[in-house]
Structure formats: C-alpha cells, structure tokens
Amino acid sequence: DYELINWINKNIKGQPIIIEAVGDSYTDYARISANTGIPAVLGWPVHEWLWRGTYDVARPRVEDIKTFYTTKGLQEAKDIIKKYNVSFVVVSILEKQKYPDLNEDNIKKLGEIVYQDKHARLYKVSYKSELPPNLCPYFWKLVAAILMFIPNFILQLPILFCNLFTNKTKDNPKEQRENGFY
C-alpha cells in the first residue's frame, strides 16, 4: 500500500476520518493512519485498551468496522459512516484478508473511487440525507417556521390563560368585583 500512502500524503489535506481493517498491534494493520497521520475509526484495539484502561471504546468499534465491511445492508453501512463521520474507505489486501465476506458493492454505492492501483482502492464517501435534494430546502423552511412559532406560542400562554379567566367572569359583575377586575 506504499503508493496509496504516498498518494494520500500528497492529495488529502486536513484530518478526515478513514476506515481501514483493524488488527493486532505491531502488524501491518493501521498502516494507512500510521503512515499518513489521518485518524482512523480504530487501528490497533489493544493500544486503545491500554491507553484508556478499558476495552469499552475499542470493542464496539471493532464490531462496527467488521459490520461495515461485511454487511449486506446498505443502510447499516451508511449508519456506521455517519456514526464515525467517515470520509474515506480503504479496500486493499489486508481488508480482503481480514474480512473475507467484504461487500465492496455497498462501498461503491456510498461514494466514488479517488485512488486505485493494482491492489488498493480508496473511496471518498459521504452520508447523504434520505430526503430528496429538491425537498431539503422546503423541509428546513418548515422546521424554521415551526421553531419560530413555538416560542411565540409559549410566550402567549399566560395571555391566553388570562383571557380564558377573564372571559369566564366577564358576564358576572359580582365575580368581577370579587376578583378585583373593577
């Protein structure tokens, strides 16, 4: 994956999150994040366990990464991308060895190949809204209208309550006097 690592170092800026195969410490696993400085969902679980003093953080990530690479369900893969804010997916020899049931068809549906050589592919992925693009502006306008209405409604509750109380005694002068309305 030497060429892939060089390509990433030359072409990817910032700190986008990648997903790559997870494996034992001091092996070739976590090779992309270790050699590029780009954070991965998880690299060497034992290191995370030792540094954190608990396996509670690493355990679900190990399972999520396995699920991401092997699931038949596209939505499940999307959910993992969203959960960890993944931008790039590595599919290379180690991923295929670690996850023999690797479902690359899902990954293809989630993004596009930005790098490819004889052994490795790098996909740029993003989690897309389930709302159709032409509906999104209307959806957010509706949300904004609702949010603007709610505070006004809440502020008017005491007035509405007083009006109800006032209207109840309006036709009874005796009650109005007793309650100090005149």
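Biologist: Which residues touch the most other members of the largest nonpolar core?

Modeller: A nonpolar core is a set of buried Ala, Val, Leu, Ile, Met, Phe, Trp, Tyr and Cys residues joined through side-chain atoms within 4.5 Å. Buried means under 20% relative accessible area, exposed means over 50%, and partly exposed lies in between (1.4 Å probe, protein chains only). In this structure the largest core has 36 residues, and Ile19, Phe68, Tyr69 and Val89 touch the most other members.

Biologist: Which helices and strands each supply at least two residues of this core?

Modeller: Helices (H or I, at least four residues) and strands (E, at least two) are DSSP runs, numbered from the N terminus. Here the helices that each supply at least two core residues are α1 (2–11), α4 (58–70), α5 (74–84) and α7 (104–110), and the strands are β1 (17–19), β2 (86–91) and β4 (121–125). Strand β2 gives the most to the core, with five residues. In soluble globular proteins, nonpolar side chains tend to be buried together.

Biologist: On what basis are these values given?

Modeller: This is a predicted model, in which local features need pLDDT of at least 70 and side-chain atom pairs count only at pLDDT 80 or more, while totals for chains, interfaces and linings use all residues. Residues are numbered from 1 along each chain as its sequence is written, and side-chain values use heavy atoms, with hydrogens and water left out.

Biologist: How many helices and strands does the protein chain have?

Modeller: The protein chain contains nine helices and four strands. Followed along the sequence, they give the pattern α-β-α-α-α-α-β-α-α-β-β-α-α. Of the 182 residues in the chain, 32% are buried.

Biologist: With which residues is Val89 in contact, leaving aside its neighbours within four places in sequence?

Modeller: Contact means heavy atoms within 4.5 Å. With those neighbours set aside, Val89 contacts Ile19, Phe68, Tyr69, Ile81, Ile107, Arg121, Leu122, Tyr123 and Val125. For the protein chain, among contacts between residues at least 6 apart in sequence, 55% join residues at least 24 apart.

Biologist: At what angle do α4 and α5 pack?

Modeller: Axes are lines fitted to C-alpha atoms, for helices over the stretch in contact, and angles run from 0 to 180 degrees between N-to-C directions. Angles under 35 degrees count as roughly parallel, over 145 as roughly antiparallel, 65 to 115 as roughly perpendicular and the rest as oblique. Helices α4 and α5 pack at about 135°, with their axes 9 Å apart, and are therefore oblique to each other.

Biologist: Which residues of α4 and α5 make the contact?

Modeller: Helix α4 contributes Pro60, Arg61, Asp64, Thr67 and Phe68, and helix α5 contributes Glu76, Ala77, Ile80, Ile81, Lys83 and Tyr84. By class, the residues of this contact are six nonpolar, one polar and four charged. Ala, Val, Leu, Ile, Met, Phe, Trp, Tyr, Cys and Pro count as nonpolar, Asp, Glu, Lys and Arg as charged, and the others, Gly among them, as polar.

Biologist: Is Tyr123 buried or exposed?

Modeller: Tyr123 is in strand β4 and counts as buried, because its relative accessibility is 1%. Apart from neighbours within four places in sequence, Tyr123 contacts Ser87, Phe88, Val89, Val91, Glu104, Ile107, Lys108, Glu112 and Ile113. Ser87, in strand β2, is buried at 16% relative accessibility. Not counting residues up to four places away, Ser87 touches Pro16, Ile17, Tyr123, Lys124 and Val125.

Biologist: Where does Trp7 lie, and how far apart in space are Trp7 and Tyr115?

Modeller: Trp7 belongs to helix α1 and is partly exposed, with a relative accessible area of 23%. Trp7 and Tyr115 are 108 residues apart in sequence and 7.8 Å apart in space, C-alpha to C-alpha. Leaving aside neighbours within four places in sequence, Trp7 contacts Ile12, Val114, Tyr115 and Leu122.

Biologist: What is the phi of Ala30, and what is that of Asn85?

Modeller: Most residues other than glycine have a negative phi. Ala30 has a positive phi, near 65°, and Asn85 also has a positive phi, of about 55°. Ala30 is in the loop between β1 and α2 (31–36), and at 6% relative accessibility Ala30 counts as buried. Asn85 is in the loop between α5 and β2, and at 55% Asn85 counts as exposed.
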